[in-house]
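Please keep the sequence and the model side by side while reading. The paragraphs below go from the whole chain to its parts, and then to single side chains.

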Amino acid sequence: MFNHEPIQRHAGPPASSTPTRDYLNTRPPGTDQAYAVLPRSLVEAMPLPWQQQMAHLLADFHRTYAHLNWPVYRVVPSRMERLVDLDEEQLAEVGAIVEIDSDGELVYRDRSGALITDPEHKTVLVSVLDPIPGEFANANQNTPPRGFPQPPPAVPQPTFPQSGPVPVQAPRPPQW
């Protein structure tokens, strides 16, 4: 028997053939154009089922790419800052110097001595203290006060695209 009702399609956009790239291009925390970094303390603090799935995914990943000559990566917590907002240590870190020219104006130069034009709008990546708590972050601090902890103030969190299957639209009731 032939069904005259159209086939129901998924709600939302069609499934992507590059879901990881699509998600990472939304720039969730810990990503840039080349790398995605997961703080170990947060990964190890995930619920047990998540850790089990993550361990399986990482094992498959490392098994698949074990033949590559892996370097040791040095990950440094950093943030983007305007060049004109940096102190001397930070300027040295990014390879820039500031001088006073003959007119009494501040002039910024790179390592080679070339003039940096428009330093007010140039942003650079500088290292910062790690804001993600480590495994033993509170080991040497006093114990918290007794009683129930107060919930932290509501901070709006950025939203990222959902991962996983796309929900299916509910079928329409038959039209008689």
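A residue is called buried when its relative accessible area is under 20%, exposed when that area is over 50%, and partly exposed in between, using a 1.4 Å probe and protein chains only. The model is a predicted one, in which local features need pLDDT of at least 70 and side-chain atom pairs count only at pLDDT 80 or more, while totals for chains, interfaces and linings use all residues. Residues are numbered from 1 along each chain as its sequence is written, and side-chain values use heavy atoms, with hydrogens and water left out.

Confidence is expressed as pLDDT, the predictor's confidence in each residue on a scale from 0 to 100. The mean pLDDT of the protein chain is 82, and 75% of its residues reach 70 or more. Over residues 136–145, however, the pLDDT is below 50, and this stretch has zero contacts in the model beyond near neighbours in sequence, a contact being defined by heavy atoms within 4.5 Å. Among contacts in the protein chain between residues at least 6 apart in sequence, 58% join residues at least 24 apart.

The protein chain holds four helices and four strands, where helices (H or I, at least four residues) and strands (E, at least two) are DSSP runs numbered from the N terminus. Read along the sequence, these elements follow the pattern α-α-α-β-α-β-β-β.

Strand β1 (residues 78–82) and strand β4 run antiparallel and are joined by five bridges; two strands are taken to pair if DSSP finds at least two bridges between them. Within this pairing, Ser 127 of β4 is the bridge partner of Ser 78. In a regular strand the side chains alternate between the two faces of the sheet. Strand β4 (residues 123–127) has a covered face with Val 124 and Val 126, and an uncovered face with Thr 123, Leu 125 and Ser 127.

Val 124 and Val 126 also belong to the largest nonpolar core, whose eight residues include Leu 83, Leu 86, Leu 91, Ala 96, Tyr 108 and Ile 116 as well. A nonpolar core is here a set of buried Ala, Val, Leu, Ile, Met, Phe, Trp, Tyr and Cys residues joined through side-chain atoms within 4.5 Å. In soluble globular proteins, nonpolar side chains tend to be buried together. Leaving aside its neighbours within four places in sequence, Leu 91 is in contact with Leu 83, Leu 86, Ala 96, Val 98 and Tyr 108.

Which charged side chains pair with one another? A search of the whole structure finds five salt bridges, each requiring a side-chain nitrogen of Lys or Arg within 4 Å of a carboxyl oxygen of Asp or Glu. One of them links Arg 109 and Glu 99 at 3.0 Å, N to O. This pair connects distant parts of the chain, with Arg 109 in strand β3 (residues 106–110) and Glu 99 in strand β2 (residues 96–100), 10 residues apart. Arg 109 is partly exposed at 26% relative accessible area, and Glu 99 is partly exposed at 33%. Another salt bridge joins Arg 79 and Glu 81, whose closest N and O atoms are 2.4 Å apart, and Arg 79 counts as partly exposed at 43% relative accessibility. In helix α2 (residues 40–44), Glu 44 and Arg 40 lie four residues apart, about one turn of the helix, and their side chains meet in a salt bridge of 2.7 Å, N to O. Arg 40 counts as exposed at 64% relative accessibility, whereas Glu 44 is partly exposed at 40%.

Thr 31, in the loop between α1 (19–24) and α2, is buried, with a relative accessible area of 17%. The side chain of Thr 31 reaches the backbone oxygen of Pro 28 at 2.8 Å, a polar contact being a pair of N or O atoms within 3.5 Å, of which, within protein, one must be able to donate a hydrogen and the other to accept it, with residues adjacent in sequence counting only if both atoms are side-chain atoms. Not counting residues up to four places away in sequence, Leu 24 of the model touches Thr 31 and Ala 36. In the loop between β2 and β3 lies Asp 101, which has a side-chain polar atom 3.1 Å from the backbone nitrogen of Asp 103.
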